[in-house]
Amino acid sequence: MEESGSVDSVESLCSSTTTRSDRSSGPRVSDTELRSKAKAVEKVYKDPSKDELPLLPEELVQDSAKDVTYICPFIGPVRGSLTVTNYRLFFRCTDREPVFGLDLPLGGLSRVEKIGAASSRGDVSYGVVCKDMRNLRFVHKEPEDSLKKSVFEVLMKFAFPVSNNMSLFAFEYKQVFPENGWKVYDPLAEYKRQGLPNESWRISKVNDHYELCDSYPATLFVPVTITDEELRRVSSFRAKGRIPVLSWIHPESQAAVVRASQTMVGQNGRRCKEDEKLLQAIMDANAQSHKLFIFDARPSVNAAANKMKGGGFESEDAYQNAELVFLDIHNIHVMRESLRKLKDVVYPNIEESHWLSNLESTHWLEHIKLILAGALRIADKVESGKTSVVVHCSDGWDRTPQLTSLALIMLDSHYRTIRGFQILLEKEWLSFGHRFQQRVGHGDKNHTDADRSPIFLQFIDCVWQMTRQFPAAFEFNEYFLITILDHLYSCLFGTFLCNSEQQRLKEEVPKRTVSLWSFVNSQLEEFVNPLYVHYPSHVLFPTVGIRHLQLWVSYYIRWNPRMRPQEPVHQRYKELLAKRAELQKRVEELQREAANRMASSSSERAGSPTRSITPVQTFV
Amino acid sequence: MFSGKQTKPTFKSYLPPLQTDLKKSPQLPIKKLEAKLLPGEIVVNEANFVRKCIGAESCQDDLWGKLVCTNFKVSFIAHNSLPRQRFQCTHRLLGEHDIPLACVEQVVTVNDVKGKQKILGSNQKLKFNPTELILYCKDFRIIRFRFDEAGPESAKKVCLAIAHYSHPADPQLLFGFEYVGKRYHGSTGERVNGVDPGGGLQTPLFDCSSDWDREIKRTGASEWRVCTINQGYFISPSLPEFFVVPVSLADQDLKQYACCFYSQRIPLWCWNHSSGSALVRMSNISDPQQQRKVEQRISSAITKSHPLRSDVFKSDLDKNLPNIQDIQAALLKLRQICVIDSFEESEEKWLSSLESSRWMEYVRTFLRHAVEVVYMLESRHVSVILLEKEDRDLSCVISCLVQLMCDPHCRSLHSFQGLIQKEWVMAGHRFLDRCNHLKRNDKEESPVFLLFLDCVWQLWNQYPAAFEFTEVYLTVLGDSMWVPVFSTFLFNCPRQRAEHSRDFASSKSIHLGQDQALCFPPVWDWSQQFSLKDQTLFNNPLYVGKIATCVQNGTVKTFTHRRSKKNYSSTLRGLPSALRNGSLGPNDTLARRNSLMLRLRSDLSQVREQQETPSERFVRDFFSRPVDLQGLLLPQLLPSHLSVWKLYFLRWVPEAQIPQGGPITAFHKLSVLTDEIEMLQNQLRQYQGAAGTPNNLHAEHSKMYFKATSTPHQSPAPPEYLSSSFPFSPVGNLCRPGILGTPLSKLLNGAKIWLSTETLANETI
């Protein structure tokens with residue numbers, strides 16, 4: 001903002017900013033930005049022959065080709081040059097004014113393939129399917145020398161390093177950030193924040209070396225009355241050994257959120273005395289309630305069908321005082337199919353006349369609703385019912401983290417801060433073994449893999465829905481959520497690599513890669529919601545009706561050029577903050593002046609010093 | 001309207017058990033239950049021991065009291081009131097449980113013992129004793145009363161009275177006449193209701209030539225003049241006495257042409273674009289023989305008034321837009337899914353039902369058409385004639401939207417009101433018929449004005465900082481149509497107002513004094529309805545006004561600069577283009593170019609070969625530039641970018657309420673900040689002027705509803721009573737049969753399997 005003027009221009013403070021407000025100045029702003037950015041880019045600049053391409057540390061150009069045509073669904077064919085690095089794909093068309101460019105990390109590619117045979121002119125068409133709701137199409141002449149590889153073959157190699165026995169770019173990337181994001185989550189500190197251990201809950205070392213359960217974290221919290229030996233026996237009764245352990249405890253009522261996998265009841269109705277004892281102990285750890293709610297995320301039919309495969313659910317006979325609730329959330333395959341339909345509806349173009357019914361037919365929002373509704377019921381039981389809950393699905397690594405982490409966001413305002421949210425992801429998703437590698441398929445060319453599913457995307461969507469309903473309750477903004485999703489796929493950071501804590505340690509991911517949180521926490525202000533109000537013990541109960549759910553257009557429809565994402569309220573709020581800071585400064589200056597004047601003119605009366613109205617933290 | 005917040009789960013019944021009701025009831029101090037009457041208001045009928053339903057299934061929250069029908073409203077005077085809290089907006093004309101008769105859409109009486117139900121009209125008979133009365137309101141409320149303990153005869157009588165009085169046989173039976181007439185009685189000649197219509201209002205009413213003169217000057221329409229030939233309404237019955245025409249048309253010509261137009265409506269000037277292009281509205285020419293000649297004359301006169309002598313473009317609204325019956329049908333369907341269908345059932349098919357109501361589609365069609373007109377004015381620099389058969393419905397919407405998009409002046413509160421005055425009230429929108437105040441002809445009923453408000457809301461929602469008013473203002477403005485007191489919404493045209501008020505005055509032998517007719521307050525006199533404090537809910541804390549800056553510049557730029565210092569630009573560069581394409585911030589140079597390019601041609605792949613139309617190009621150009629909130633604003637028209645106006649349509653639905661959430665929580669935060677800024681500015685002013693001695697005039701002068709706290713360094717949490725329905729409350733305002741009863745289950749509504757394994761009994765601890 002401009003230097004502060006004199007007192008007599010109170011109004012001019014406001015108008016001084018108007019002078020540059022004509023529309024034409026818009027591009028100028030970006031020019032300055034461009035210049036300042038270009039400088040910074042030069043430092044990491046690697047390949048002088050390919051000028052313009054801003055490369056990251058350790059990013060190397062692998063191949064490039066001229067005369068590639070990008071068939072843009074919005075503006076038609078664009079001719080330009082295509083460059084493949086070990087991290088991303090660049091497409092540049094400099095003939096056009098303004099310059100047209102595509103710049104996407106290879107991690108975002110799910111499939112690259114030749115479409116059809118070469119045409120009479122020797123042109124071959126390539127299709128690129130992206131994980132971020134885009135499909136790209138290129139046309140390129142086959143190299144005449146059949147020994148020479150086409151740029152697309154190079155692309156396929158580097159897009160799927162895992163399938164080609166190469167390492168992901170995250171292991172090369174060596175950017176140094178002031179903050180080390182791998183230190184964001186310290187399990188003991190997080191449990192300590194919750195007041196643990198306490199007289200009812202203890203740390204168990206039983207999984208210290210991941211021998212009890214290889215998909216669980218090393219640090220587990222269990223009721224004090226249960227021995228490690230009993231836990232071992234419970235682990236044989238729970239799918240994949242994922243025993244019931246504590247996720248979160250209510251600071252006042254001591255009602256706990258406990259997560260697990262399904263019981264291995266099977267068709268014969270097996271029982272496990274230790275498991276029953278464990279659940280009883282969980283209930284007893286909370287003096288406020290003589291009941292325990294077990295939330296099975298699945299539709300009851302699916303849960304019953306699992307008995308055929310040896311799984312199942314807790315019978316109310318075996319578990320006295322427990323009430324079992326099914327939450328009707330469908331499995332990973334249904335969700336994958338729903339997202340596929342959604343992609344058809346939003347990309348590339350929206351059919352205007354049937355937008356709403358098309359959207360409805362994808363069922364995407366319906367799934368979002370069921371997940372939010374399930375989390376809401378859990379949060380309500382814990383908060384209002386003061387009852388402890390056990391949450392599980394089949395394996396306890398997909399729907400279970402969706403439900404527990406959403407419920408925790410509702411219950412604990414800490415998880416609505418930027419750092420708290422990082423901790424939540426590190427804890428509920430990463431340490432408890434959501435199979436990111438499998439669900440996303442990092443660097444793997446097997447795009448039809450039935451284990452892929454947008455479970456995490458769905459969770460982030462649910463969080464976004466909550467931020468819409470409570471615009472002042474979250475410290476982070478939409479950009480933060482989109483950044484997380486983009487780096488879920490990018491493979492630039494190590495955060496979302498591997499399937500479990502054990503695997504990440506084995507691969508030395510924290511040592512060899514950079515954490516996404518290093519990047520995020522080094523420029524937090526980008527991700528701050530200016531409207532955030534911290535009110536500590538405030539539980540959020542979102543309204544989960546379809547009327548209040550909306551499609552996240554700035555994520556799913558962001559490739560549409562008619563989409564102009566904007567957060568006008570946030571922008572305006574920042575302007576207002578700046579204005580307040582400016583006024584405050586001036587008032588303080590004047591107060592000082594007045595005080596000085598009074599002091600120098602020998603205070604005959606100890607005039608009431610004007611109470612300084614210096615409200616509130618500034619978010620800038 | 002504004003009423004208490006949702007009852008807490010702990011809410012206790014203040015009623016004695018049912019069996020003892022009859023015995024105990026007479027001891028209730030019923031004498032205190034008197035309807036609060038306005039001047040000119042009389043009680044027509046009343047029934048005691050009536051219950052107003054609050055929850056649908058259980059009656060434990062119900063209120064107990066007296067149901068009164070007056071010539072203005074259905075009033076319920078509760079014996080025990082809903083728990084009140086700090087927040088209390090009070091309507092000055094209506095009590096918490098009152099419904100103006102004009103707001104009643106349908107009166108339904110039920111006898112649940114006999115299983116009978118009847119919709120009551122005027123002067124009808126009722127063969128059974130009603131146990132229940134359901135009032136379906138035009139503002140989407142559904143209110144139920146039970147007569148279990150009331151005398152059967154008095155229950156029947158009050159129902160018949162409500163039905164009868166909500167169907168007035170004559171406009172002069174609308175309450176506004178009695179109400180306004182009263183102010184001329186009283187020996188002192190003082191105005192009873194304390195309002196001097198027009199006087200003291202900042203809103204131009206366009207009922208005098210000076211308002212038009214000012215508008216001509218403001219828009220620089222030097223080749224246009226105020227025409228007075230319709231004074232006394234001698235030329236056209238539906239035109240105002242003053243309107244604006246091209247200078248090249250003499251009064252004599254106009255008189256001659258008038259007879260060719262539908263209802264003698266000479267084309268009306270609406271507004272001039274800064275380029276000199278004019279926006280004109282015109283009715284059809286009824287005489288086919290004269291059509292070409294007259295059309296040519298008018299067109300050439302408009303061309304002459306253009307500084308560049310540009311052509312005239314005719315935009316046929318009837319061909320391109322839905323008609324009034326379509327709009328009415330859409331609203332009825334929308335109402336069905338919003339409030340009448342059970343929440344759970346409509347939930348499943350919400351999106352497709354919303355689509356089949358076509359309401360959103362119509363909103364989009366109107367906005368898109370307005371954008372087309374804007375393109376002609378802004379880019380082609382031609383004048384535009386809006387052509388509609390009668391020129392009294394669709395053109396009101398389009399001309400207003402065009403002006404809102406082009407002219408930042410119209411986005412201030414008073415100018416917006418002036419705009420409605422100019423394009424709706426004076427231009428003769430048939431408010432009396434479209435509101436169907438007399439319930440005579442359902443075919444004429446159509447929510448054209450509400451559709452317009454929804455279009456404005458969409459613009460507001462996309463550019464919230466560009467408007468001085470809030471969505472509460474738009475909602476309350478829509479509701480005011482059903483308070484039949486205001487000159488704004490009572491008549492079909494200015495002439496009708498003049499005639500009716502003259503007739504009424506003479507029939508009641510009212511001495512009008514200097515006034516020529518009864519003076520109804522315009523709705524713009526908001527003090528008629530709300531206290532000054534409550535009116536601050538209309539002020540938008542985000543409004544950039546005339547002093548602030550374009551979003552991309554000035555202060556924001558400062559932020560960007562400061563930010564860039566700490567930016568890991570190289571990394572940002574290395575970020576997936578996703579990020580940068582995803583948000584076209586000022587530092588997204590690459591993405592910015594990228595998306596610019598992407599807009600080069602039409603975005604429909606199937607029509608890729610087709611050349612982009614110039615107007616598409618115009619829109620695309622607009623979106624590739626940073627927005628100037630003080631300049632042209634075009635709405636995003638993708639269906640995915642238009643939303644349902646939830647505050648208006650869903651505010652009464654308990655299940656759709658977000659407790660302690662909704663946009664209002666952001667509004668609260670913004671208001672507090674804006675209030676702090678105001679406070680600081682006041683302080684500066686004081687230092688400047690009186691050199692010290694800060695006195696606290698601030699509190700009274702603040703424009704914000706939510707004030708900064710006196711304790712600094714503390715961002716106040718939003719008050720607990722806020723909800724997405726604020727400042728309205730669903731409590732007792734939407735009682736359709738079959739919604740879940742307990743507050744907890746309402747709150748937790750969601751999964752369709754909700755009750756299957758749930759033991760609700762245990763939940764209401």
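Predicted model: local features only at pLDDT ≥ 70, side-chain atom pairs only at ≥ 80, totals over all residues.
I'll start with the cores. The largest nonpolar core has 406 residues. Which of its members touch the most other members? They are A:Phe421, A:Tyr556 and B:Phe452. Helix α11 of chain B, residues 359-378, gives the most to this core, with 13 residues.

Take A:Tyr556 as an example. Leaving aside residues up to four places away in sequence, A:Tyr556 touches A:Met133, A:Leu339, A:Leu342, A:Val346, A:Trp364, A:Leu457, A:Asp461 and A:Leu551. There is also a second, separate core, of 8 residues, and among them are A:Leu168, A:Phe171, A:Trp182 and A:Cys498. As background, nonpolar side chains in soluble globular proteins tend to be buried together.

Now the charged side chains. Over all chains, a search of the whole structure finds 70 salt bridges.

A:Asp486 and A:Arg558 meet through their side chains in a salt bridge, at 2.8 Å from N to O. A:Asp486 lies in helix α15, residues 478-490, and A:Arg558 lies in the loop between α19 (553-556) and α20 (568-600), so the pair ties together parts of chain A that are 72 residues apart in sequence. Both A:Asp486 and A:Arg558 are buried.

Next is a pair in chain B. The side chains of B:Arg51 and B:Asp62 form a salt bridge at 3.4 Å, N to O. B:Arg51 lies in strand β1, residues 43-52, and B:Asp62 lies in the loop between β1 and β2 (63-70), so this pair ties together parts of chain B that are 11 residues apart in sequence. Are these two residues buried or exposed? B:Arg51 has a relative accessible area of 5% and is buried. B:Asp62 also counts as buried, at 4% relative accessibility.

The last pair is B:Arg495 and B:Glu499, whose side chains meet in a salt bridge at 2.7 Å, N to O. Where do they lie? Both are in helix α18 of chain B, residues 494-507, and they sit 4 residues apart, about one turn of the helix. B:Arg495 is partly exposed, with a relative accessible area of 27%, and B:Glu499 is partly exposed at 30%.

To finish, a network. Salt bridges that share partners join B:Arg51 and B:Asp62 with B:Asp112, B:Glu132, B:Arg144, B:Arg146, B:Asp148 and B:Glu149.

Methods. Residues numbered from 1 in each chain as written. Chains lettered and ligands numbered in written order. Heavy atoms only, no water. Core = buried A, V, L, I, M, F, W, Y, C linked by side-chain atoms within 4.5 Å. Buried < 20%, exposed > 50% of the residue type's maximum accessible area, 1.4 Å probe, protein only. Helix = DSSP H or I, 4+ residues; strand = E, 2+ residues; numbered from the N terminus. Contact = heavy atoms within 4.5 Å. Salt bridge = Lys/Arg side-chain N within 4 Å of Asp/Glu carboxyl O.
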